[in-house]
Amino acid sequence: MTLAELASQPADVDHAKLDATTEDDIRRHMIEDGYDPDDPSYMEGAVVVRPPQMIRERLGMTQVEFAKLIDAPLATLKNWEQGRTAVPPYVRVLLNIIDREPEAALRALGLSRPLAA
């Protein structure tokens, strides 16, 4: 099956089951998968990216300004911020750069706007 064929298939997600999953269930699943939930080292190497809204607010930008900055449609940014759609991996990389090195990212994007702390 091609990637396009896979993408065209409806998502097979049982939202009721997800909603019913408790923290105890997650802990049990981690143990079953061989992870110690009390040892955060299982996250070593994982790239942690703040949510787009948190990054945008930290920069003191409106949704319109931030959408223009990352060259994304405003509706798309709103969907990401409201959790209706997932942020694609390539956008998470950009957001991580903007979050960690905002001044350098803005310079690279040709902007010279001072940032809020």
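Here are some worked exercises on the predicted model shown above.

A note before starting: residues are numbered from 1 along each chain as its sequence is written. Because this is a predicted model, local features need pLDDT of at least 70 and side-chain atom pairs count only at pLDDT 80 or more, while totals for chains, interfaces and linings use all residues, and side-chain values use heavy atoms, with hydrogens and water left out.

**Exercise 1. The overall picture**

Task: Find how many helices and strands the protein chain has, and describe its contacts and surface.

Solution: 
- Step 1. Count the elements. Helices (H or I, at least four residues) and strands (E, at least two) are DSSP runs, numbered from the N terminus. The protein chain has eight helices and zero strands, so reading from the N terminus gives α-α-α-α-α-α-α-α.
- Step 2. Look at burial, where buried means under 20% relative accessible area, exposed over 50%, and partly exposed in between (1.4 Å probe, protein chains only). Of the 117 residues in the protein chain, 21% are buried.
- Step 3. Turn to contacts, meaning heavy atoms within 4.5 Å. Taking contacts between residues at least 6 apart in sequence, 49% join residues at least 24 apart.
- Step 4. Finish with the surface. Accessible areas come from the Shrake-Rupley method with a 1.4 Å probe, and for residues only the protein chains shown count as cover. The protein chain has about 8,700 Å² of accessible surface, and 55% of that belongs to carbon and sulfur atoms.

**Exercise 2. One side of a helix**

Task: Work out which residues of helix H6 are buried and what covers them.

Solution: 
- Step 1. Helix H6 spans residues 74-81, and Leu77, Trp80 and Glu81 are buried there.
- Step 2. These residues cover an arc of only 95 degrees around the axis, which puts them on the same side of H6; the arc is that of the directions from the helix axis to the C-beta atoms.
- Step 3. The cover over the buried residues of H6 includes helix H4 (52-58), helix H5 (63-69) and helix H7 (89-100).
- Step 4. Check what comes after the helix: H6 is followed by Gly83, with a positive phi near 75 degrees.

**Exercise 3. The partners of Glu81**

Task: Trace the contacts of Glu81 and identify the residue with which its side chain forms a salt bridge.

Solution: 
- Step 1. Glu81 lies in helix H6 and counts as buried at 13% relative accessibility.
- Step 2. Setting aside neighbours within four places in sequence, Glu81 is in contact with Pro52, Gln53, Arg56 and Gln63.
- Step 3. The side chains of Glu81 and Gln63 make a polar contact (2.7 Å). A polar contact is a pair of N or O atoms within 3.5 Å; within protein, one must be able to donate a hydrogen and the other to accept it, and residues adjacent in sequence count only if both atoms are side-chain atoms.
- Step 4. A salt bridge is a side-chain nitrogen of Lys or Arg within 4 Å of a carboxyl oxygen of Asp or Glu. The side chains of Arg56 and Glu81 meet in one (2.7 Å, N to O).
- Step 5. Arg56 lies in helix H4 and Glu81 in helix H6, so this pair ties together parts that are 25 residues apart in sequence. Arg56 is buried too, with a relative accessible area of 9%.

**Exercise 4. Other salt bridges**

Solution: 
- Step 1. Asp99 is buried at 9% relative accessibility, whereas Arg58 is partly exposed at 26%.
- Step 2. Salt bridges that share partners join Asp25, Arg28 and Glu32 into one network.
- Step 3. Arg28 is partly exposed, at 39% relative accessibility.

**Exercise 5. A loop residue**

Task: Locate Asp71 and decide whether it is buried or exposed.

Solution: 
- Step 1. Asp71 sits in the loop between H5 and H6.
- Step 2. With a relative accessible area of 72%, Asp71 is exposed.
- Step 3. The phi of Asp71 is near 55 degrees, a positive value in a residue other than glycine.
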